[in-house]
Amino acid sequence: MVDHNSAALPQHMQAIGFDAPGGPDVLVLEQADVPQPGPQDVLIRVAFAGVNRPDCIQRAGNYPAPAGASPILGLEVAGEVVAVGTEVPPEMLGNRVAALTPGGGYAEYCTAPWQHCLPVPGDMPLEKAAALPETLFTVWHNVFERGLACDGERLLVHGGTSGIGTMAIMLAKAFGAEVIVTCGDDEKCAAAREIGADLAINYRSQDFVEAIKQHTNGEGVNIVLDMVSGDYVPRNLKCLAEDGRHVTIAILGGAKAEINMAFVMMRRLVLTGSTLRPRSDAFKSALAEEITRHAWPLFVSEELAPIMDQTFPLAEAAEAHARMEAGDHIGKIVLEVCGG
């Protein structure tokens with residue numbers, strides 16, 4: 001390991017932990033050992049950490065960390081590289097980065113593979129940088145790589161004002177797609193339209209299948225980015241145009257769906273999905289490289305910026321989780337760890 005000044009790095013740090021799975025109130029501030037970077041890792045002094053739905057699911061006991069990953073919550077951070085592994089370019093020392101992490105973000109120090117880091121320019125607030133990696137990697141892979149989104153196509157996104165939803169709106173619009181979203185109330189629909197959605201449907205007061213049929217003159221959408229699954233799947237398929245793609249990234253509405261396979265065959269539909277966290281480091285490195293070339297410049301130039309909801313101190317991680325699970329947020333929830 002190489003660092004600025006090994007004597008300056010503490011042995012212990014503050015981190016969020018929990019003794020047993022449960023609700024947000026199980027999260028507590030505790031002391032933990034500062035992690036040691038492996039040969040391909042950087043050690044980041046965390047300024048801010050993003051809060052994501054998988055964090056809540058892990059806290060509840062339903063999404064265990066992959067083998068070898070930190071048990072500490074947190075899948076994305078932004079901060080300064082203070083130490084590097086033996087196989088990491090030494091010039092990364094001292095750099096400001098946003099990183100996709102396998103875990104460990106809710107802490108003062110966090111390790112991440114160096115190739116999963118995105119460079120943060122001096123004029124980009126670290127608070128905003130921390131809100132980007134998880135949703136950016138997820139949306140890029142599922143909308144553009146698995147969903148094969150093309151200029152001029154239509155995309156349907158459920159949960160339009162979530163972190164994933166707001167990122168999907170911005171990125172899809174930036175690359176020439178028409179975006180339709182569903183939201184849970186009129187206020188969120190208005191927010192989604194302000195972000196850039198072409199149509200926002202209040203699913204509590206409208207049948208989104210009929211609304212999409214009317215909006216598209218019966219043509220439907222080319223891609224559905226589905227975070228609900230369950231009984232939404234057959235309804236989603238009715239929204240798809242011929243040769244449409246249905247991409248599932250979460251199962252908040254249930255893991256099982258009943259579909260008419262004859263309908264899938266007749267319309268030549270593609271059903272796919274993915275989870276990001278268990279994928280290999282090599283896969284995530286390749287994804288980061290593609291994002292660096294095609295999407296990250298939009299944020300560096302400030303053409304795009306993450307939609308920020310609320311920032312909580314690290315010690316108030318329980319309140320951050322409660323806000324996410326209440327569903328009142330619009331955009332990203334972030335934890336301030338060491339600031340910056």
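Q: Why is Glu-302 called exposed?
A: In this predicted model, in which local features need pLDDT of at least 70, side-chain atom pairs count only at pLDDT 80 or more, and totals for chains, interfaces and linings use all residues, Glu-302 has a relative accessible area of 56%. Exposed means over 50%, buried under 20% and partly exposed in between, with a 1.4 Å probe and protein chains only, so Glu-302 counts as exposed. Residues are numbered from 1 along each chain as its sequence is written, and side-chain values use heavy atoms, with hydrogens and water left out.

Q: What is noted about the phi of Glu-302?
A: Phi of Glu-302 is near 70 degrees, a positive value in a residue other than glycine. Most residues other than glycine have a negative phi. Glu-302 lies in the loop between helix H10 (296-300) and strand E15 (308-313), where helices (H or I, at least four residues) and strands (E, at least two) are DSSP runs numbered from the N terminus.

Q: What makes the pair of Glu-325 and Arg-59 a salt bridge?
A: The side chains of Glu-325 and Arg-59 meet at 2.8 Å, N to O, and a salt bridge requires a side-chain nitrogen of Lys or Arg within 4 Å of a carboxyl oxygen of Asp or Glu, so the pair qualifies as a salt bridge. Distant parts of the chain are linked by this pair, with Glu-325 in helix H11 (residues 317-326) and Arg-59 in helix H1 (residues 53-59), 266 residues apart.

Q: Is Arg-59 buried or exposed?
A: Arg-59 has a relative accessible area of 2% and is therefore buried, whereas Glu-325, with 36%, is partly exposed.

Q: How do you know that Glu-134 has no salt bridge, and which side chain of opposite charge is nearest?
A: The nearest side chain of opposite charge to Glu-134 is Lys-332, 7.4 Å away, and Glu-134 is buried without a salt bridge. Here Lys and Arg count as positive and Asp and Glu as negative, while His and the chain ends are not counted. Glu-134 is placed in helix H3 (residues 133-146).

Q: Why is Ala-112 called buried?
A: The relative accessible area of Ala-112 is 1%, so this residue counts as buried. Ala-112 belongs to strand E7 (residues 109-113) and, leaving aside neighbours within four places in sequence, is in contact (heavy atoms within 4.5 Å) with residues including Gln-40, Val-42 and Leu-100.
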